[in-house]
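Dear colleague,

Please keep the display open while you read.

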Amino acid sequence: MPESNQLTYLWGLITLLFGVFLQIVPLSEPLIYWRPQFVILVVFFWLFRNPFQFGIGFAWLAGLLLDIVIGELFGRHAIVFGLCAYLLQLLQQRLQHFWLFHQVVLVMLLVLLNQVLLHSITLMLRGGWQGELLVAPALTSALIWPFLVWLLSTLLKLQQFGRDMPSDH
């Protein structure tokens, strides 16, 4: 495997673990409902950036990791993340021509779909519909999407720049 592919997978793993960390950071009661869905946003970033290296399997494993870490129903996030990744794969040819605003709208809709599917799976096992809480994470995720894209792209460019610099020895 070429060195650039190994570094790309390493960056994918590092950003995924950071997304999981941000997902489990404790928040106060009102803020918890507005928490952006960091893990799926990281998955979306890598699906936008390298759709042939990071695909449905990466999304599924990210969801499974999140299920294990937060102690939810095993496979709940995995199947929903996989479905969202499949939808992004279907749109792959169009995604190359999307402006950032279009990406924000698409991310908001996919996070909303993610929330609805996760909540639907939960409703099969437990009662208590809280539909009004589904929109808040989609809105906050869409709002931070441009910053996340900028931050991760900048980090990757710095890493690439540092690797391409000639060494003095």
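Gln103 is found in helix H7, where helices (H or I, at least four residues) and strands (E, at least two) are DSSP runs, numbered from the N terminus. Gln103 counts as buried because its relative accessible area is 14%; buried means under 20% relative accessible area, exposed over 50%, and partly exposed in between, with a 1.4 Å probe and protein chains only. The side chain of Gln103 makes a polar contact with the side chain of Trp145, at 3.2 Å. A polar contact is a pair of N or O atoms within 3.5 Å, of which, within protein, one must be able to donate a hydrogen and the other to accept it, while residues adjacent in sequence count only if both atoms are side-chain atoms. Leaving aside neighbours within four places in sequence, Gln103 is in contact (heavy atoms within 4.5 Å) with Phe48, Phe98 and Trp145.

Before going further, please note that this is a predicted model, in which local features need pLDDT of at least 70 and side-chain atom pairs count only at pLDDT 80 or more, whereas totals for chains, interfaces and linings use all residues. Residues are numbered from 1 along each chain as its sequence is written, and side-chain values use heavy atoms, with hydrogens and water left out.

As for the chain as a whole, its secondary structure comes to eight helices and zero strands. Of its 169 residues, 41% count as buried. Among contacts between residues at least 6 apart in sequence, 68% join residues at least 24 apart.

Helix H3 (38-49) is mostly covered, with 11 of its 12 residues buried; among them are Phe38, Phe44, Phe45, Trp46 and Phe48. The end C-alpha atoms of H3 are 16 Å apart, which agrees with the 16 Å that its 12 residues should span at 1.5 Å a residue, the expected span of a helix being 1.5 Å times one less than its number of residues.

Helix H4 (residues 56-70) has 15 residues, and the 21 Å between its end C-alpha atoms agrees with the 21 Å that it should span. The buried residues of H4 include Phe58, Leu64, Leu66 and Asp67. Leu61 also has its place in H4, but Leu61 is exposed, because its relative accessible area is 52%. Between the C-alpha atoms of Leu61 and Ile79 there are 9.4 Å in space, although these residues are 18 apart in sequence. Just after H4, Gly71 takes a positive phi of about 75°.

Helix H5 (76-90) reaches 22 Å from its first C-alpha to its last, close to the 21 Å expected for its 15 residues. Arg76, His77, Phe81 and Leu88 are among the residues of H5 that are buried, and the buried residues of this helix pack against H3, H4, helix H6 (92-95) and H7. Gln89, whose place is in H5, is partly exposed, with a relative accessible area of 29%. Not counting residues up to four places away in sequence, Gln89 touches Leu47, Pro51, Phe54, Gly55 and Ile56.

Finally, the pockets. On a 1 Å grid over the protein atoms alone, a cavity is a set of points where a 1.4 Å probe fits but cannot get out, and a pocket is an open set with protein on both sides within 12 Å along at least five of seven lines; lining residues have an atom within 4 Å of a point. Grid points are joined across faces, edges and corners, and a volume is the space filled by probe spheres set on the points.

The largest pocket has a volume of about 700 Å³. Of the 21 residues that line it, the closest to its centre are Gln37, Glu72, Arg76, His77 and Gln115. H7 gives the most to this lining, with five residues.

The second largest pocket has a volume of about 210 Å³, and of its 14 lining residues the closest to its centre are Phe18, Leu22, Leu148, Leu151 and Leu152. Helix H1 (3-24), H3 and helix H8 (135-164) are the elements that give two or more residues to this lining.

With kind regards
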